[in-house]
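Let's take a walk through this structure together, one stop at a time. Have the sequence and the 3D view open as you read.

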Amino acid sequence: MTAEATTTDERDPAAARLLDAWRTPTGWRYWTAVNNSEVGLWYVVASFTFFLFGGILALLMRIQLAVPENDFLTADQYHQVFTMHGSVMMFLFAVPILEAISILLLPEMLGARDLPFPRLSAYGFWCFLIGGIFVCGSIFFGVAPEGGWFMYPPMTTEYQTGVGVDIWLLGLSFIEVASIAAAVELIVGVLKCRPPGMRLNLIPLYAWYILVVAVMILFAFPPLIAGDLLMELERSLDWPFFDASRGGDPMLWQHLFWIFGHPEVYIVFLPSVALLAMIVPTFARAPMVGYGWIVLAAVGTGFLSFGLWVHHMFTTGLPAISIGIFSAASQAVAIPTGIQLFCFIATLLVGRVTKSVCLLFTLGGLATFIVGGLTGVMVAVAPFDYQAHDTYFIVGHLHYVLIGGTIFPIVAGVYYYYPAVTGKQLSERLGRYAFWMMLIGFNVSFFPMHFSGLLGMPRRVYTYQPELEVGTLNLISTIGAFVLAAGFLVFLWDVLRPKSKQPLAPRNVWNAGTLEWLAEVPDKPWGVRSIPIVETRYPLWDQEQFVQDVDEGRFFLPGADEGKRETLVTSVVDAEPIQCLRVPGPTFLTHFAAVFTGGVFILSTFHWYVAAGISGVLAVATILVWLWTGTAWIPEKHEKDVGRGVTLPIYVSGSRAVGWWAMFITMLGDMTAFISLVFGYFFYWTIQEDFPPQDSTGPGWIWPIAALLAITLVWSAVMAARQFNRQNRGSMFYGALVCGIALSLTGGWALLMGPATHAMDPTSHVYPAIVWVLVIWTTLHVVVGIVMQLYCAARRMAGKMTARYDADIVNVTLYWHFIFLTTLITCLVIAGFPMVAR
Amino acid sequence: MRPELIDDVSQSALDPAGVGATQIVDLFHWMVGGGVVIWLIVVGLSVYSIVVPGGHRPRLTKTLVIGGGAVVPTVVLSSLLCYALAMLPELHRPPPSDSPTVKVNGVRWWWRVQYQTDDGRTIETANEIRLPVDEAVEFKLTSEDVIHSFWIPSLGGKVDMIPGRETRLKLYPTRVGKFRGVCAEYCGTAHAQMRFDVTVMPRPEFNRWLSNQSSDAREPSQQSAIRGGELFRRKGCGACHTIRGTDARGRVGPDLTHLASRSSLGAATKPNNTENLRHWITHTHHVKPGVTMPAFQALDEREVDAIVAYLEQLH
Amino acid sequence: MSKSISRDNRVSPLWAIVSAPAVWAVHFLASYLTAAIFCAKLADSDGSAGEVQLAVMSYTVIALLLIAAIGASGFRRHHHGRHSTSHDDSGRDAQRRMIGFATFLLACLSAVATLFTALVLVFVGTCH
């Protein structure tokens with residue numbers, strides 16, 4: 001590396017400076033890296049490790065079920081094992097691996113140097129790692145959650161008093177926060193960090209899929225976080241959200257869980273299809289057939305997948321109309337899925353296929369997934385689901401979908417991208433062994449489950465009687481599971497075996513057409529030497545002298561004159577360059593932030609609230625330091641020549657800035673969680689004769705109206721502050737913020753006074769409890785808003801925010817738009833609805 | 001008279017003995033047939049595309065995407081949807097108002113079963129349901145603690161039992177025989193052992209059974225059984241169990257008034273015979289983990305014999 | 001520079017793509033909520049849900065009209081520009097055509113999905 005660097009130095013000083021700016025830290029400081037290649041790789045390795053852990057749990061279950069009335073595991077051990085298997089596979093593998101692969105590859109596919117918020121990715125990764133180890137570790141102490149990955153109350157609220165459920169709720173909420181962070185990063189990445197010229201019709205299909213999936217995460221995860229919040233409040237403070245005896249209802253949890261849970265399936269599945277959409281054209285040697293059709297399929301699936309959640313609740317005694325509506329949507333979602341498959345087949349038919357292990361896994365995945373898709377259509381037919389629901393038929397179905405639709409494509413992806421990441425190739429021979437073992441093992445294991453289910457074997461049983469006559473089927477399943485596991489071992493060996501003697505793979509080893517294959521071998525930390533102008537969907541195939549031009553720095557940002565890490569920001573639709581974005585480099589702040597954030601969740605699990613509070617304060621402090629030192633740097637000059645005669649601003653604010661988009665997207669997710677809580681309020685109204693209860697007087701209308709008035713004024717004050725800052729009227733700016741802060745305090749206090757002055761005891765009935773939750777949610781947001789106002793004042797005082805460079809106050813104003821909306825809805829609901837309902 | 005062995009029962013959804021289950025099996029067979037054809041075509045096409053490489057006309061593939069990807073699935077799914085939706089109203093229609101009604105209450109991890117007699121009395125039993133053949137019957141399902149799901153695979157679909165709600169299920173058995181029901185919703189430690197026996201019988205037999213069930217427990221006549229009844233009271237069993245006609249009125253555990261008439265023990269965990277009953281009393285948690293009932297290991301042999309003798313004459 | 005700045009606010013093509021499925025989503029939610037609230041709060045003892053059927057049918061008419069309009073505008077965009085219908089060259093026209101095409105296809109899918117929802121009310125008319 002050093003020798004090479006010296007030669008680069010002499011030949012091309014611009015390249016040397018660029019290399020210097022993007023150099024990966026060495027030694028123990030390696031772990032401070034925030035660049036997408038490092039963080040992405042760690043993320044991939046960590047998720048795969050959790051996958052192996054989940055796989056071992058699966059084998060334990062298969063051993064237990066190999067013969068009837070086995071006593072390999074006790075009932076409670078088995079329940080911990082299956083709960084952890086589901087939770088680990090879903091929360092610690094399936095979602096993180098897609099984010100990991102995207103963080104690793106998306107910037108390369110877009111010819112970007114990095115994602116727009118590298119430290120956010122790193123923070124997300126460390127949160128994920130800490131949370132994952134915490135949740136997984138619990139099983140070694142015998143305190144793992146045992147409520148199933150779906151955690152249905154009241155079993156988990158009243159009948160499992162151990163720490164397991166709290167570990168699940170808080171540990172996984174923590175990880176969900178990390179997932180949402182990654183979603184924000186990926187959405188902004190796809191929308192704003194494309195190379196110049198890459199209009200919407202030229203985006204790699206992977207990026208389309210990831211955009212859809214990230215938006216889905218944004219709307220699917222918050223309802224679960226809201227549900228987690230309600231359940232944790234019931235467990236630790238006895239607020240009766242799911243307790244039927246005090247007006248609560250366990251069904252609310254099921255709605256919130258499955259509004260998350262069904263999109264989740266597609267959140268897991270679409271990124272894997274996205275990988276296939278990159279692999280298939282390469283091996284067909286032809287562009288993807290039906291680009292527009294695939295966009296249709298991705299967007300259509302994204303929408304329809306939110307209309308399926310009740311099909312997990314077909315047997316809860318709902319009216320036939322509701323069941324029919326969700327059954328119909330569940331059928332409709334099969335249409336876009338079918339279209340994608342036919343686009344793949346059509347591409348293979350048009351092109352001249354080169355055979356490889358990647359393609360084997362692709363085909364194996366498709367063949368398997370189609371079985372799962374067809375059984376999926378079957379269980380979407382409500383009457384059949386009345387029989388199949390909660391039986392091993394479903395276990396078979398879902399594994400066909402997830403292993404066929406997710407695992408096989410991911411393995412194909414590993415074979416495909418391994419050379420791009422490590423510079424070495426995996427063995428085709430070992431790959432074929434692994435493939436056949438996995439394919440055969442998988443089918444032997446899971447196909448019989450369809451029968452054992454219909455023969456009457458329910459899910460989640462730790463034992464079964466010999467007279468049920470599913471002993472043989474289960475034994476076959478167990479044998480298959482071990483063959484599948486052996487296949488994985490072969491694959492794992494292929495990935496991990498030492499390859500130092502193996503020659504480096506040639507650059508663009510598969511002769512692919514998309515930008516990620518610009519990567520040099522061995523890879524350079526800068527990603528691409530210069531950020532290209534893209535004119536086709538497969539520039540490496542279609543644009544002449546493309547690689548050469550990129551390598552010789554003939555496109556944008558070929559150097560780093562100021563020694564800073566820089567990448568291009570382009571406009572959302574036409575991908576015209578609008579900013580030269582400076583991104584931050586290595587730091588330990590993200591580690592501290594992750595550890596302290598983790599502390600809040602982990603310490604709360606054990607009810608050490610004081611310690612958790614201290615940890616929370618430290619987390620906020622760390623994040624503030626991180627924001628203070630790492631964002632909205634005032635540049636030494638307004639504009640910069642990025643090459644080819646284009647001059648771009650270095651600092652922008654408002655809707656052109658990536659930070660504004662991040663705030664906007666985060667707040668959309670935040671609003672979704674809030675709306676889920678509001679949904680809870682109205683859900684209780686629909687199921688109860690008397691809601692709000694006649695004997696309840698609170699929270700009245702005076703305090704809520706006062707609060708709404710105060711918050712409206714804060715909102716105006718913040719907007720005024722933004723304006724004063726722009727006009728460089730310092731004293732007016734500070735004055736507006738002082739008013740804003742004072743009014744925020746008033747507003748937050750007035751919000752709390754509503755229920756507080758009406759003796760609304762949240763443990764007595766669900767009505768006061770849900771009112772309190774809405775009020776506290778809003779108040780907390782107001783408190784965060786106060787911190788933001790103080791931050792802006794401090795930034796201006798410190799000279800880090802000026803009339804021209806005003807991103808901080810602009811983003812805070814955006815935040816306050818949402819807080820105003822939140823307060824408005826809260827007040828309308830808690831004060832207005834009781835008047836209407838009576 | 002020894003109760004029947006536990007193993008000649010059907011628990012298979014593919015061996016239907018009720019109207020709902022039969023309809024669903026037909027639906028299933030149609031869907032499997034269609035599914036196999038679709039799978040063969042799609043996978044055949046993909047294999048063909050690899051084995052016979054190259055250069056098919058783009059126009060052909062366009063037709064393939066539009067036809068195979070969009071039009072055909074839409075048509076197939078629409079027909080399937082109509083077929084399935086047409087089934088729903090009948091499956092959900094409540095039975096005629098004079099149909100027998102059975103209340104079943106899910107308790108961790110057993111079933112409290114209540115029948116109404118013609119004279120309006122409520123008869124309670126546990127873990128066993130008997131139904132007259134060729135009559136619609138309505139189940140009113142509730143739960144005392146967590147969510148359970150009531151499922152008799154051979155007779156029809158399942159419905160969850162949810163605390164705070166009453167859900168309903170209509171079944172229409174068409175064949176005399178013995179069936180097995182299970183809890184299908186994970187409900188904690190002994191979820192796997194929360195089962196029940198279902199017997200479908202001709203109406204006259206059913207009436208005889210019901211009138212026997214509605215009678216109070218018979219007085220023990222043999223010496224050991226009398227002593228067993230005494231012990232049953234002294235050891236506090238009545239705090240949890242009811243035996244009608246005695247002062248045992250507990251509501252925590254299953255009603256034992258006609259225990260000996262049931263075919264199994266511990267919510268269909270073991271066949272109801274002397275050996276298993278003894279074992280249940282002394283090693284409860286070995287048979288079924290998590291059960292609320294304490295194991296009476298401190299009883300000596302003769303005490304156990306006496307209690308078992310008492311319980312075994314409760315026909 | 002100012003030219004590209006003004007264009008950055010032009011995110012309308014993305015909205016065009018999601019508009020038809022958004023209509024489906026609103027129709028779907030409205031139908032479900034109408035049915036759920038009616039059956040929980042207003043249904044008679046015989047459980048008939050004629051009102052829900054009527055309501056959903058009217059939602060469906062409105063939704064289909066909207067989707068048809070969106071689909072038609074997408075179709076027009078698709079045929080915009082010169083006679084070429086290619087989607088994959090670098091000009092703004094190609095982008096417009098591709099977005100138009102995707103909008104049109106999504107309108108078709110949304111129409112099918114909306115009809116599927118309406119179909120339920122044809123077959124099921126009670127709250128049981």
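Where is the place of A267(B) in chain B? A267(B) sits in the loop between β13 (264-265) and β14 (270-271) of chain B; strands here are DSSP runs of E with at least two residues, helices are runs of H or I with at least four, and both are numbered from the N terminus.

Before going further, a word on the ground rules. This is a predicted model, in which local features need pLDDT of at least 70 and side-chain atom pairs count only at pLDDT 80 or more, while totals for chains, interfaces and linings use all residues. Residues are numbered from 1 along each chain as its sequence is written, chains are lettered from A and ligands numbered from 1 in the order in which they are written, and side-chain values use heavy atoms, leaving out hydrogens and water.

Back to A267(B). Its phi is near 55°, a positive value in a residue other than glycine. Most residues other than glycine have a negative phi, and most peptide bonds are trans. A267(B) is also buried, with a relative accessible area of 1% (buried means under 20%, exposed over 50%, and partly exposed in between, with a 1.4 Å probe and protein chains only).

Q545(A) belongs to the loop between α18 (539-542) and α19 (546-551) of chain A. With 49% relative accessibility, Q545(A) counts as partly exposed.

Now for the cis peptide bonds. One of them joins F691(A) and P692(A), with omega about -5°. You'll find P692(A) in the loop between α22 (658-687) and α23 (702-726) of chain A. P692(A) is buried, at a relative accessible area of 2%. What is P692(A) in contact with, leaving aside its neighbours within four places in sequence? The list is Y681(A), Y767(A), F833(A), P834(A), A837(A) and R838(A), where contact means heavy atoms within 4.5 Å. As for F128(A), it and P692(A) are 564 residues apart in sequence and 40 Å apart in space, C-alpha to C-alpha. Over in chain B, the peptide bond from R108(B) to W109(B) is cis as well, with omega near -10°. W109(B) lies in the loop between β1 (101-107) and β2 (110-116) of chain B.

Next, zoom out to the domains. Chain A is divided into domain 1 (33-496) and domain 2 (667-837), with bounds that come from an automatic or database domain assignment. The C-alpha centres of these two domains of chain A lie 36 Å apart. Where they meet, 21 residues of domain 1 are in contact with 23 residues of domain 2. The two domains bury about 1800 Å² between them, 78% of it on carbon and sulfur atoms; buried area is the accessible area (1.4 Å probe) that two parts lose on being put together, summed over both. In domain 1, W239(A), F241(A) and L252(A) lose the most area to domain 2, together 28% of what that side buries.

How many salt bridges does the rule find between domain 1 and domain 2 of chain A? The count is 0, a salt bridge being a side-chain nitrogen of Lys or Arg within 4 Å of a carboxyl oxygen of Asp or Glu.

Last stop: the meeting of the two chains. The contact takes 82 residues from chain A and 78 residues from chain B. Chain A and chain B bury about 6600 Å² between them, 71% of it on carbon and sulfur atoms. On the chain A side, F342(A), L349(A) and Q387(A) lose the most area to chain B, together 12% of what that side buries. The rule finds 1 salt bridge across this interface. R165(B) forms a salt bridge with D249(A), and their closest N and O atoms are 2.4 Å apart. Helix α12 (residues 334-350) of chain A gives the most to the side of chain A that touches chain B, with 11 residues.
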